[in-house]
Amino acid sequence: AAFGDAFKAPATLANHEWRRAGYDVIIDDGSHVPAHILFTFTELFPMLRPGGVYVIEDNAFSYADKPTTAYGYRVGHRGGIGRPTTDNAVERFKALADIVNREECFQDLDIVIFSEAIDRAVFQVAFVSGLVFVWKKTAAQQAGLAGIPSLRWTSHANGPALQEYKRFLEAGKHVGEAAAP
């Protein structure tokens, strides 16, 4: 699906039959522009069936930290390794991996990466050379985790490191880096 500059989903995605049926596999081999990757993921991941996998190809432009163009689109103005800006796809998916791992102990997620519904539906995030894989929980995984009482080790993992990480995500900057003017 091509979203273009308008960041508007094509009409074919509004088809209720397709939405109801869902998809087992979705492969994003679109513009490779980080902002487009994030928009596409937010639009399409909810259509993935339980247990399905979402694959993002060619995410290297998230590492561009100098302005350049990719397929006619401007990139690199807000990217770079370790810079969790709203438009850095790789850093957003890294943060999603933290949410996935944290959920078992802290079911009251107070950090949202994409949306609470998307964040809670993710079972696994994996990075392979140039690719990101995101697996959606199966119905059994969703039901199983919901039935486990929270371990809530808040005194051990809700301290200064977590607070610094929250500030890091909110500020869109690297931990310890001065805020941009």
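Let's start with Ser115, which sits in the loop between helix H3 (89-102) and helix H4 (116-121). Helices (H or I, at least four residues) and strands (E, at least two) are DSSP runs, numbered from the N terminus. This is a predicted model, where local features need pLDDT of at least 70, side-chain atom pairs count only at pLDDT 80 or more, and totals for chains, interfaces and linings use all residues. Residues are numbered from 1 along each chain as its sequence is written, and side-chain values use heavy atoms, with hydrogens and water left out.

**Ser115 up close**
- Ser115 counts as partly exposed because its relative accessibility is 25%; buried means under 20% relative accessible area, exposed over 50%, and partly exposed in between (1.4 Å probe, protein chains only).
- The side chain of Ser115 reaches over to the backbone nitrogen of Ile118, at 3.0 Å. A polar contact is a pair of N or O atoms within 3.5 Å; within protein, one must be able to donate a hydrogen and the other to accept it, and residues adjacent in sequence count only if both atoms are side-chain atoms.
- Ser115 and Thr42 are 73 residues apart along the chain, yet their C-alpha atoms are separated by 8.3 Å.

**The whole chain**
- The protein chain has 7 helices and 6 strands.
- Read from the N terminus, the order of elements is α-β-α-β-β-β-α-α-β-β-α-α-α.
- Of the 181 residues in the protein chain, 39% are buried.
- Look at contacts in the protein chain with a separation of 6 or more, and 60% of them come from residues 24 or more positions apart; contact means heavy atoms within 4.5 Å.

**The sheet**
- Four strands line up as E1-E2-E6-E5 in an open sheet of 4 strands with mixed pairing. E1 and E5 stand at the edges with a single partner strand each, so one side of each has no neighbour in the sheet.
- On average, neighbouring strands of this sheet are turned by 10° against each other, direction ignored. Axes are lines fitted to C-alpha atoms, for helices over the stretch in contact, and angles run from 0 to 180 degrees between N-to-C directions.
- What holds paired strands together? Strands of a sheet pair through backbone hydrogen bonds, either parallel or antiparallel. Here, two strands pair if DSSP finds at least two bridges between them.
- E1 and E2 are a parallel pair with 5 bridges, and Asp28 stands opposite Ile56 in E2.
- E2 and E6 are an antiparallel pair, also with 5 bridges, and Val55 has Phe133 in E6 as its bridge partner.
- E5 and E6 run antiparallel and are joined by 6 bridges. Gln124 faces Trp135 in E6, while Val122 has Lys136 in E6 as its bridge partner.
- The hairpin of E5 and E6 has 2 residues between the strands, and Gly130 takes a positive phi near 80° there.

**Helix H2**
- E1, H2 and E2 form a right-handed β-α-β unit. Right-handed means that, with the strands pointing away from the viewer, the path from the first strand over the helix to the second runs clockwise.
- H2 lies across E1, E2 and E6, and runs at about 170° to E2.
- In H2 (residues 34-44), 8 of the 11 residues are buried, so the helix is mostly covered. Among them are His36, Phe39 and Phe41.
- The buried residues of H2 pack against E1, E2, strand E4 (73-75), H3, H4 and E6.

**Helix H3**
- H3 is largely enclosed by the rest of the structure, because 11 of its 14 residues are buried. Phe93, Leu96 and Ile99 are among the buried ones.
- What covers the buried residues of H3? The cover includes H2, E2, H4, E5, E6 and helix H7 (160-171).
- Asn88 caps the N-terminal end of H3, with a side-chain oxygen 3.3 Å from the backbone nitrogen of Val90.

**Lys137**
- Lys137 is in the loop between strand E6 (131-136) and helix H5 (139-146).
- Is Lys137 buried or exposed? Lys137 counts as buried because its relative accessibility is 5%.
- A polar atom of the Lys137 side chain lies 2.7 Å from the backbone oxygen of Arg120.
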